[in-house]
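Subject: Structure handover

Hello,

Here is the structure I promised to pass on. Please open it and keep it beside this note.

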Amino acid sequence: KRLILVGPPGSGKGTQSPIIKDEYCLCHLATGDMLRAAVAAKTPLGIKAKEAMDNGQLVSDDLVVGIIDEAINKPSCQKGFILDGFPRTVVQAEKLDEMLESRGVKVDKVLNFAIDDAILEERITGRWIHPSSGRSYHSKFAPPKVPGVDDVTGEPLIQRKDDTAAVLKSRLEAFHKQTEPVIDYYKKKNIVANLHAEKHPQDVTAEVQKVLS
Ligand code: AP5
Ligand code: ZN
């Protein structure tokens with residue numbers, strides 16, 4: 001299966017991805033995670049992306065399209081993939097269609113993590129991540145066994161630089177202006193499934209499983 005996860009910041013895309021990935025043996029391609037790794041490693045891509053990310057704005061279409069074009073060629077992505085955080089503009093969606101068409105495949109389903117903006121600030125400001133694995137926790141909703149420490153590796157957890165209430169405002173603005181039209185783009189193709197992303201994580205997982213079964 002070839003899936004797209006779309007939803008505002010904090011809607012649960014990164015939380016559901018590992019579960020879907022394991023169940024369907026898909027590869028998980030999260031442009032946000034890939035960009036953060038590039039920023040941390042100070043690669044040319046990271047240097048170009050950093051300012052926009054810190055300010056909660058979208059990175060240029062060319063940069064992210066380039067990352068995805070390369071990533072979907074990986075052998076582990078041939079059976080299917082989960083795109084988490086891509087496409088985020090209609091231009092990116094059109095480029096993705098071209099990429100897939102030239103490979104003779106298409107997007108099967110778009111999971112729309114529908115949720116009210118008001119819930120997102122608490123989710124975003126309470127999030128803690130383990131950078132190398134991408135595992136995420138929440139100080140209230142999904143606390144690690146030891147505060148500030150990853151359950152699996154014992155390594156320290158960090159907070160994302162863009163996870164402040166102020167930057168969230170810009171990220172939400174970008175979502176409504178630039179990414180909501182992407183949902184309409186896929187609605188016209190009749191492949192959008194709406195999820196109740198405000199529910200408990202297990203209930204969201206159950207909805208995902210129902211859609212994909
Ligand atoms: P990205 O990393 O994609 O960030 P985002 O879209 O803002 O999404 P988040 O990662 O914040 O949210 P999520 O839905 O994954 O939430 P999570 O599951 O962790 O992008 C970052 C930046 O990179 C962008 O601003 C942009 O600059 C750039 N970028 C990336 N892709 C791009 C593209 N295609 N084009 C241009 N620029 C791009 O959950 C959040 C928290 O809530 C966690 O703590 C979690 O434990 C908790 N939680 C999750 N689900 C629930 C639940 N059901 N109930 C209670 N708590 C929950
Ligand atoms: Zn995420």
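First, the ground rules. This is a predicted model, where local features need pLDDT of at least 70, side-chain atom pairs count only at pLDDT 80 or more, and totals for chains, interfaces and linings use all residues. Residues are numbered from 1 along each chain as its sequence is written, chains are lettered from A and ligands numbered from 1 in the order in which they are written, and side-chain values use heavy atoms, with hydrogens and water left out.

**Cysteines**

The structure has 1 disulfide, meaning a pair of cysteine sulfur atoms within 2.5 Å. Cysteine 27 and cysteine 77 form it, with sulfur atoms 2.1 Å apart. The torsion about their S-S bond is about 115°, so the disulfide is right-handed. It links distant parts of the chain, 50 residues apart. Cysteine 27 sits in strand β2 (residues 27-30), while cysteine 77 lies in the loop between α4 (61-71) and β3 (81-84). Helices (H or I, at least four residues) and strands (E, at least two) are DSSP runs, numbered from the N terminus.

Both cysteine 27 and cysteine 77 are buried (under 20% relative accessible area; exposed is over 50%, partly exposed in between, with a 1.4 Å probe and protein chains only).

Cysteine 25 is partly exposed, at 48% relative accessible area.

**Helices α2 and α3**

The axes of α2 (residues 31-40) and α3 (residues 44-54) come within 8 Å and cross at roughly 115°. Axes are lines fitted to C-alpha atoms, for helices over the stretch in contact; angles run from 0 to 180 degrees between N-to-C directions. Contact means heavy atoms within 4.5 Å. From α2, the contact uses Gly32, Leu35, Arg36, Ala38 and Val39. From α3, it uses Leu45, Gly46, Ala49, Lys50 and Met53.

**Helices α1 and α8**

Here α1 (residues 13-24) and α8 (residues 201-212) have axes that come within 10 Å and cross at roughly 40°. On the α1 side, the contact is made by Gln16, Ile19, Ile20, Glu23 and Tyr24. On the α8 side, Pro201, Val204, Thr205, Val208, Gln209 and Leu212 take part.

Best wishes
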